[in-house]
Amino acid sequence: MGYSIPKGTLIIPLLASVLNEEGQWKFPNEFNPENFLNDKGEFVKPEAFMPFSTGPRVCLGEGLAPMELFLIMVTLLRKFRFIWPEDAGEPDYTPLFGATLTPKPYRMKIQLRK
Ligand code: HEM
């Protein structure tokens, strides 16, 4: 893109920029599962979805991490019911900036499923 980067330069990609890129997402600045659905409501992985980065230094856990997350989430959801407390107001999705983007601390009611 016209930039000349000297050999040996340390490059730290800011993945948040592509994960919030206008024109790549239906709702670039919102946590909204519709970002992953096409007009027919089918799941589609957008080209700009690259939380594990890309290229020769792509995350080595790219295959493992989604499986782990799936197993952890399914195990928790099968055992427990996660309930937003009635007195907690509207959830605030504004992320906290750091090495990663994290949600603000929140309270959650957790009930054992029968
Ligand atoms: C949701 C979980 C994870 C996310 C979002 C994630 C994301 C990333 C990202 C963005 C990078 C930097 C890639 C770059 O330099 O361009 C990276 C590197 C790396 N990740 Fe992950 N990662 C996850 C889980 C894991 C797991 C479970 C493992 C190992 C079992 C792992 C192993 C690595 C390794 C070894 C690198 C360095 C690759 C290199 O520099 O050649 N990651 N990861």
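1. Serine 53. Serine 53 is exposed, because 12 other C-beta atoms lie within 10 Å. The cut-offs are these: 20 or more other C-beta atoms within 10 Å of its own make a residue buried, 12 or fewer make it exposed, and anything in between is partly exposed, with C-beta atoms placed from the backbone. Serine 53 sits in the loop between helix 1 and helix 2. Helices here are DSSP runs (H or I, at least four residues), as are strands (E, at least two), and both are numbered from the N terminus. The phi of serine 53 is near 70 degrees, which is positive although the residue is not glycine.

2. Basis of the model. This is a predicted model, in which local features need pLDDT of at least 70, side-chain atom pairs count only at pLDDT 80 or more, and totals for chains, interfaces and linings use all residues. Residues are numbered from 1 along each chain as its sequence is written.

3. Confidence. The average pLDDT of the chain is 92, and 100% of the residues score at least 70. pLDDT is the predictor's confidence in each residue, from 0 to 100. For the complex, the predictor gives an ipTM of 0.97 and a pTM of 0.83.

4. Cysteine 59. Which loop holds cysteine 59? The one between helix 1 (15-19) and helix 2 (64-79). Cysteine 59 is partly exposed, because 13 other C-beta atoms lie within 10 Å. Leaving out residues up to four places away in sequence, cysteine 59 touches Phe52 and Ser53. Contact means that the C-beta atoms of two residues, placed from the backbone, lie within 7 Å. An unreviewed UniProt entry lists Cys59 under "binding site". UniProt positions follow the numbering used here, feature names are shortened, and annotations may be inferred rather than shown by experiment.

5. Ligand shell. Residues around the ligand include Phe52, Ser53 and Cys59. Pro13, Leu15, Arg57 and Leu64 are also among them. By class, the shell has 9 nonpolar, 2 polar and 1 charged residues. Ala, Val, Leu, Ile, Met, Phe, Trp, Tyr, Cys and Pro count as nonpolar; Asp, Glu, Lys and Arg count as charged; the others, Gly among them, are polar.

6. Domains. The chain is assigned domain 1 (13-60) and domain 2 (63-113). These bounds come from an automatic or database domain assignment. The centres of the two domains, taken over C-alpha atoms, are 20 Å apart.

7. Isoleucine 5. Isoleucine 5 lies in the segment before helix 1. It is exposed, because 7 other C-beta atoms lie within 10 Å. From isoleucine 5 to leucine 15 is 10 residues in sequence and 19 Å in space, C-alpha to C-alpha.

Key: A residue is near a molecule or strand if its C-beta atom, placed from the backbone, lies within 6 Å of it.
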